[in-house]
Amino acid sequence: MKYLIIGTGGVGGSIAAFLHLSGCDVDCIARGEALEAINRRGLIFHSDVKGEHTLPIKAYSAEEYPGKADVIFVTVKGYSIDSIGPAIMRCSHKDTVVIPVLNVYGTGARIASNALGVNVLDGCIYIVGFKSGIGEITQMGDIFHLVYGVPRGKHVPQETIDRINQDLTAAGIKVTLSDDIDRDTFIKWSYISAMALTGAYYDIPMGPIQHPGKERDTFIGLTTESKAIGEKLGIDFGCDLVEHHLAVMDSLDPHSTASLQKDLKAGHDSEIQGQLFDMIDRARSLGIPTPTYDLIASRFSRPHCS
C-alpha cells in the first residue's frame, strides 16, 4: 500500500519513520525549510524505540505530489485543518482512506467537508514526538498508540482495514480499531488539553504533574471539566476519565513537554484555540462552568483569527 503523511512534525515524522523502517512505501508532504532539508539529506530521526537514523524518505510540497496514495495520515496542527482539503483531493483516488490524527475534536468531519468525495475517517494518537530541528524528529519513550475508526455513514472494506492494521503493527505501532471513534477522539482531546495546558501554564515538563501538588490538581481540574462536557454531549467514556488521564500522564517521560508549550515559548503558531478556547466555547454552549479552564485562559490570548 502507498502511504502519504501530510505534515512532518513530531507525529507525522514518527509515523513516516516507523513505516519506512519496516519497509512500507511512504512519502511525506512538507513545506519550507523542512521540505528542502528532508530532500537534501533525508529525515533525521532520533527514537527511544528505533534508535538513530537518517532516512531517505521522499518529501513533496502539497502542490507537487505526483501520485495517488492508498492511505493518507493527516498530522497537521489544528489551525491548518480547514486549508488542506484541496491537497487531500489531489493526492487521493476513489478508494483512498484518509485518517486524521490531530489533537483537537471533530477533525474528521471538518476535513471531509473540505475534501468532498474522499473517504475521511477519524482518529487520534498517543505519542511523545516533536521537531528537534529542521527536518529532524525526536520520539521519546515507548508509547506509540494509534486509534482510528470508521464514523457512521462511512465504509471501508475489511481487507483494507486489515492491511492497514498489519502494516502499522509490523512497524511497531500499536493500533486500535475503535468501535466508537467519537468517544475516543474526545478522550484524546480531553487528555492532550489537560496535559498541554497544565505544562504551559506552569512552564514545566511532565514530571511535576506526576506527583501530588498544585500542578497535578490543575490537571485533574481540567480533566474533570472536560469530562462534564463529554457527559453532556452523551459520550459514554467506558472508564473513569480522571483515572485514565492520570495513568497516561504517569507513564510519560518526566522530562517531556507538549508541542503546545514548545510553540508558545517559541512564539510560533500554536493549537491554543483548539486545546483551550474551543473547550471553553463548547462548555459555554452547554451551560457548563469551567473555573480551571478560565484560570488558564486568563494567561493566554485568543488567536486573532478566531
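**Helices 6 and 7**

Helix 6 passes helix 7 in a right-handed crossing (right-handed if the near helix is turned clockwise from the far one by less than a right angle, left-handed if anticlockwise). This is a predicted model, where local features need pLDDT of at least 70 and side-chain atom pairs count only at pLDDT 80 or more, while totals for chains, interfaces and linings use all residues. Residues are numbered from 1 along each chain as its sequence is written, and side-chain values use heavy atoms, with hydrogens and water left out.

- Helix 6 and helix 7 (residues 214–232) pack at about 150°, and their axes are 9 Å apart. Axes here are lines fitted to C-alpha atoms over the stretch in contact, with angles from 0 to 180 degrees between N-to-C directions.
- That angle makes the two helices roughly antiparallel (over 145 degrees; under 35 is roughly parallel, 65 to 115 roughly perpendicular and the rest oblique). Helices are DSSP runs (H or I, at least four residues), numbered from the N terminus.
- Among the residues that meet here are Phe-186, Tyr-191 and Leu-197 from helix 6, and Phe-219, Leu-222 and Ile-229 from helix 7. Contact means heavy atoms within 4.5 Å.
- The residues of this contact split into nine nonpolar, six polar and two charged. Ala, Val, Leu, Ile, Met, Phe, Trp, Tyr, Cys and Pro count as nonpolar, Asp, Glu, Lys and Arg as charged, and the others, Gly among them, as polar.

**The loop between them**

- Asp-203 sits in the loop between helix 6 and helix 7, and has a positive phi of about 55° although it is not a glycine.
- Asp-203 counts as partly exposed because its relative accessibility is 43% (buried is under 20% relative accessible area, exposed over 50%, partly exposed in between, with a 1.4 Å probe and protein chains only).

**Nonpolar cores**

- The largest nonpolar core has 66 residues, and Val-74, Ile-88 and Leu-276 have the most contacts inside it. Such a core is a set of buried Ala, Val, Leu, Ile, Met, Phe, Trp, Tyr and Cys residues joined through side-chain atoms within 4.5 Å.
- Helix 6 (residues 181–202) gives this core its largest share, eleven residues.
- Apart from that core lies another, of 38 residues, including Ile-15 and Leu-168.
- Beyond its neighbours within four places in sequence, Ile-88 is in contact with Ile-6, Ile-72, Val-74, Val-98, Ile-111, Ala-115 and Val-118.

**Val-248**

- Val-248 belongs to helix 8 (residues 241–250) and counts as buried, at 17% relative accessibility.
- Leaving aside neighbours within four places in sequence, Val-248 is in contact with Tyr-126 and Tyr-191.
- The C-alpha atoms of Val-248 and Tyr-191 are separated by 8.6 Å, with the two 57 residues apart along the chain.
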